[in-house]
Amino acid sequence: MASEEHSGQQANTRQGKTKVILYWYVPMFNTIQSFVGKMLVQVPSFMPGYELEKSRAQRILWLLEELKIDYELKTYKRVNMLAPPELKKVHPLGKSPLVSVQAEGAAEPLVLAESGLITEYLVEHFGPSLAPKRYQEGKDGQIQGETEEWLRYRYFMHYAEGTLMPYLVTALLLRTIKEKSPFFIRPIASAIVGNVESMYLNPNLEQNFKFLENQVKSAPDNGGYLCGAKLTAADILMSFPLSAAKGRAGLTKEKYPALWDYVDRLEAMEGNKRASQKIIEVDGSYKPSL
């Protein structure tokens, strides 16, 4: 297959001898590669052909940019709506995102799956500043000795995919059913979808947006982020579902002004914009959407 190369950020001094690869799943096949020393870190990302998945893996790109890790980006073409064989060689599921890390001298790379685990691993090794301090002064290792910032951080690392994203995926599926159903059953499909939305989906989205509005307002140190006054990796994980929901899925500036402004701040950050630009360079466009 043909490939195209794009450069990543300059090497992070913590990265040492490292190589990072992000595998991207788009309509065209491209490749982005770079080497940093002797350690290898691969970041595969399986991208189904709709904006939801493409945007979700953008968060890993942003994380790499924020950590200033040099990386490679390889993009692959779908095979009958399924993962191509090349990605299944990296991980049996061939799903996105994946990260493989190969240290100098290691015979095989360590392959990591799931956004939360990938993020925690990269932050721990390459950017501890993106995680809040864990323990309060004098309470190291004690039960309930954790800081509020750290507890929020760990919570939102899991909340992003475990709670909020399933509702947004449901919204996408329901919209697809309504729009793609054969015309002769579309009225019935629309009626069923409308009932599911009104009885289940919309109340849960509203409950979550109200919760997040209050979380932004009550952040420690009067901070503008979910965990306090500084950006954390949890904010990066939360960026896609909230950007995708802006103006859709019930997230509006009028109902949730603090949450809306928080998402605006995330979208305006330079690392986020660089990651989005990388997608544009490879795929021609980028817009978080449902």
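Me: Contact means heavy atoms within 4.5 Å. Among the contacts in the chain with a separation of 6 or more, what share comes from residues 24 or more positions apart?

Reply: This is a predicted model: local features need pLDDT of at least 70, side-chain atom pairs need pLDDT 80 or more, and totals for chains, interfaces and linings use all residues. Residues are numbered from 1 along each chain as its sequence is written, and side-chain values use heavy atoms, without hydrogens or water. Take the chain's contacts with a separation of 6 or more; the part from residues 24 or more positions apart is 68%.

Me: How many helices and strands does the chain have?

Reply: Both are DSSP runs numbered from the N terminus: helices are H or I with at least four residues, strands are E with at least two. The secondary structure of the chain comes to seven strands and eight helices.

Me: What percentage of the chain's residues count as buried?

Reply: Buried means under 20% relative accessible area, exposed over 50%, partly exposed in between (1.4 Å probe, protein chains only). The chain has 290 residues. The buried part comes to 51%.

Me: Is Q144 buried or exposed?

Reply: Q144 sits in the loop between helix 3 (115-126) and helix 4 (148-180). Its phi is positive, about 65 degrees, although Q144 is not a glycine. Relative accessibility is 69%, so Q144 counts as exposed.

Me: How does K68 count by its relative accessibility?

Reply: K68 belongs to the loop between helix 1 (51-67) and strand 5 (72-76). Its phi is near 60 degrees, again a positive value in a residue other than glycine. Relative accessibility is 46%, so K68 counts as partly exposed.

Me: Which residue's backbone nitrogen does the side chain of T147 reach?

Reply: T147 lies in the loop between helix 3 and helix 4. Its relative accessible area is 10%, so T147 is buried. Leaving aside neighbours within four places in sequence, T147 is in contact with K133, R134, Y135 and Q136. At 3.1 Å, its side chain reaches the backbone nitrogen of W150.

Me: At which residue does helix 5 bend?

Reply: Helix 5 spans residues 186-217. The bend is the angle between axes fitted to the seven residues ending at a residue and the seven starting there. Buried residues of helix 5 include A189, V193, E197, L201 and F209. The helix bends by about 50 degrees at E197.

Me: Which helices do the buried residues of helix 5 pack against?

Reply: Other buried residues of helix 5 include N204, L205, N208, L212 and V216. The partners of the buried residues are helix 4, helix 6 (233-245) and helix 7 (257-268).

Me: At what angle do the axes of helix 5 and helix 7 cross?

Reply: Axes here are lines fitted to C-alpha atoms over the stretch in contact, with angles from 0 to 180 degrees between N-to-C directions. The axes of helix 5 and helix 7 come within 8 Å. Helix 5 is therefore roughly perpendicular to helix 7 (65 to 115 degrees). The crossing angle is roughly 70 degrees.

Me: Which residue's side chain makes a polar contact with the side chain of K246?

Reply: K246 lies in the loop between helix 6 and helix 7. Its relative accessible area is 14%, so K246 is buried. Beyond four places in sequence, K246 touches L251, W260, V263, D264 and E267. At 2.5 Å, the side-chain partner in the polar contact is D264.

Note on methods. Angles under 35 degrees count as roughly parallel, over 145 as roughly antiparallel, 65 to 115 as roughly perpendicular and the rest as oblique. A polar contact is a pair of N or O atoms within 3.5 Å; within protein, one must be able to donate a hydrogen and the other to accept it, and residues adjacent in sequence count only if both atoms are side-chain atoms.
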